[in-house]
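These are my notebook entries on one chain, kept in the order in which I looked things up.

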Amino acid sequence: MASLVIAEDISYIFFGIFIAVFFIQIIYYLAFYLRPLRKISSERNKDVDENNTNEGVSVIIYANNDSESLWKNLDSYLNQEYPLFEVIVVNDGSTDETEEVLGTFENQFDNLYHTFVAEGARNLSRKKLSLTLGIKAAKYDIVLFTNANCKPDSPRWIETMASNFTKETDIVVGYTQLDCKKGFINRYISFDWLLRALRIFGYSLAVTPFEGEGSNMAYRKKIFFDNKGFSKYMQLHIGEDDLFVNSLANKKNTKIELSDDSFVTSYFDSTKSGWLQTKRNRAFTEKFYKNMFSYIMGFESLTRYLFLAMFVLLIVVSYSDLILMSVIGGVFIFNFIFKSVFWYFAGKSFNTKKHILCFTFFELIDPIINFVFKIEAKINSKRYYTWKL
């Protein structure tokens, strides 16, 4: 009899944890993950502010042996529907036909310029050096960044990004989507990319902006030079985008732009290689972030395992309690339906794959994969520094 009472008490403790974790997950989705979707919905088909002054914009494109990408993508930048802009390609020591491609385009477009960073620079970040040269060469105060392997989804890309700048705005962060091919691995990559976007933009909108992606972000030259450029993290090869924004962004001086016209798509020869490069870089730089983002989102990942663990334990402990089992089953089914609907609309909003059924498996393996990347970043941390430690 006493053992039955103890078993019943344990089952209700597990049930309490199960329900608490369920509500925590719902709160995360409503408080963080849903915010980017609501912003996209509000900005979709939104007219650009007629009172915008159309400030001049300098588009800076980083290129390193990207002649094929430039040949495919450069005209989409040069033919943007914006009255006052220039395009500056910073050629980071390319040994392919980049110079020839740029020469061809420069003969056709008067607003295209390029700089060349020669080989041989040591003990510094070549990308930071390249971008600094591009910023110094920029004619206009607003500098808009992207990479040669990226392509804006709309001829109004510059317009939508630039329209966010006011006297108080110094930084604008946009979204870059990854071109994912078919296949199970690429479907997971698409899920991981989308989940990170939801977390970054959700946290930025709910708490404070804190990260930018170098393939689609803009800021004023003044804030760059006033803060001595990339000097704070000059010892790192990376961090020219996320760490720079993280050190300066706040709710007053930074805006998030998520309209369809502001999206940029990143194309890699291999989706997996592009994703791996980004994951490794972010796994290393996150430890320098000046906010609680990693801890807050890490706790959400933990609740996924707790929810599943409590569900399994309750089935084992309370299988004979039909009423309790009915409630547990109902909560589990509701959770699945809620997330299925959410991931469908999330994929639709960000113009990517819709993870209706496979999200359950991806949710469980994603924290493990992220942990592996963090361990790898810790073990191989020396490679991220401009000098050996």
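I looked up lysine 228 and found that it counts as exposed because its relative accessibility is 68%; I take buried as under 20% relative accessible area, exposed as over 50% and partly exposed as in between, with a 1.4 Å probe and protein chains only. Lysine 228 sits in the loop between helix H7 (221-226) and helix H8 (242-248), where helices (H or I, at least four residues) and strands (E, at least two) are DSSP runs numbered from the N terminus. Its phi is positive, about 60 degrees, although lysine 228 is not a glycine.

I note that this is a predicted model, in which local features need pLDDT of at least 70 and side-chain atom pairs count only at pLDDT 80 or more, while totals for chains, interfaces and linings use all residues. Residues are numbered from 1 along each chain as its sequence is written, and side-chain values use heavy atoms, with hydrogens and water left out.

**Positive phi elsewhere**

Most residues other than glycine have a negative phi. Asparagine 65 lies in the loop between strand S1 (57-63) and helix H2 (67-78) and is partly exposed, at a relative accessible area of 36%. I also recorded asparagine 351, which follows H11 and has a positive phi near 55 degrees.

**Cores**

Which residues have the most contacts inside the largest nonpolar core? I found Leu198, Tyr219, Trp343 and Phe350, in a core of 67 residues; a nonpolar core is a set of buried Ala, Val, Leu, Ile, Met, Phe, Trp, Tyr and Cys residues joined through side-chain atoms within 4.5 Å. Helix H6 (residues 184-206) gives the largest share of this core, 11 residues. A second, separate core has 29 residues, including Val87, Val89, Ile158 and Ala162.

I then checked H6 itself: its 23 residues reach 32 Å from the first C-alpha to the last, close to the 33 Å expected at 1.5 Å a residue, the expected span being 1.5 Å times one less than the number of residues. Of those 23 residues, 17 are buried, so H6 is largely enclosed by the rest of the structure.

For phenylalanine 350, with contact meaning heavy atoms within 4.5 Å and residues up to four places away in sequence not counted, the partners include Leu194, Ala197, Leu198 and Phe201, as well as Tyr175 and Gln177. Glutamine 177, found in strand S7 (residues 176-178), is buried with a relative accessible area of 8%.

Leucine 144, in strand S4 (residues 142-147), is buried at a relative accessible area of 2%. Among the residues that leucine 144 touches, leaving out those up to four places away in sequence, are Val57, Ile60, Trp157, Ile158 and Met217.

**H11 and the surface**

H11 has 28 residues and reaches 40 Å from its first C-alpha to its last, close to the 40 Å expected. Its buried residues include Trp343 and Lys339. I also noted a nonpolar surface patch of about 730 Å², made by Ile333, Phe336, Ile337, Val341, Tyr344, Phe345, Ile356 and Leu357. Patches are made of residues with over 30% relative accessible area and no salt bridge, like charges being joined within 9 Å and nonpolar side chains (Val, Leu, Ile, Met, Phe, Trp, Tyr) within 5 Å. Isoleucine 356 lies in the loop between helix H11 (322-349) and helix H12 (359-379) and counts as partly exposed at 35% relative accessibility.

**Salt bridges**

How many salt bridges are there? I count 22, taking each as a side-chain nitrogen of Lys or Arg within 4 Å of a carboxyl oxygen of Asp or Glu.

Glutamate 363 and lysine 339 meet in one of them, at 3.3 Å, N to O. This pair links distant parts of the chain, with glutamate 363 in helix H12 and lysine 339 in helix H11, 24 residues apart. Are these two partners buried or exposed? Glutamate 363 is buried at a relative accessible area of 7%, and lysine 339 counts as buried at 2%.

Glutamate 43 and lysine 39 form another salt bridge (2.8 Å, N to O), and both lie in helix H1 (residues 2-43), 4 residues apart, about one turn of the helix. Glutamate 43 is buried, with a relative accessible area of 5%.

Definitions and conventions: Accessible areas come from the Shrake-Rupley method with a 1.4 Å probe; for residues, only the protein chains shown count as cover.
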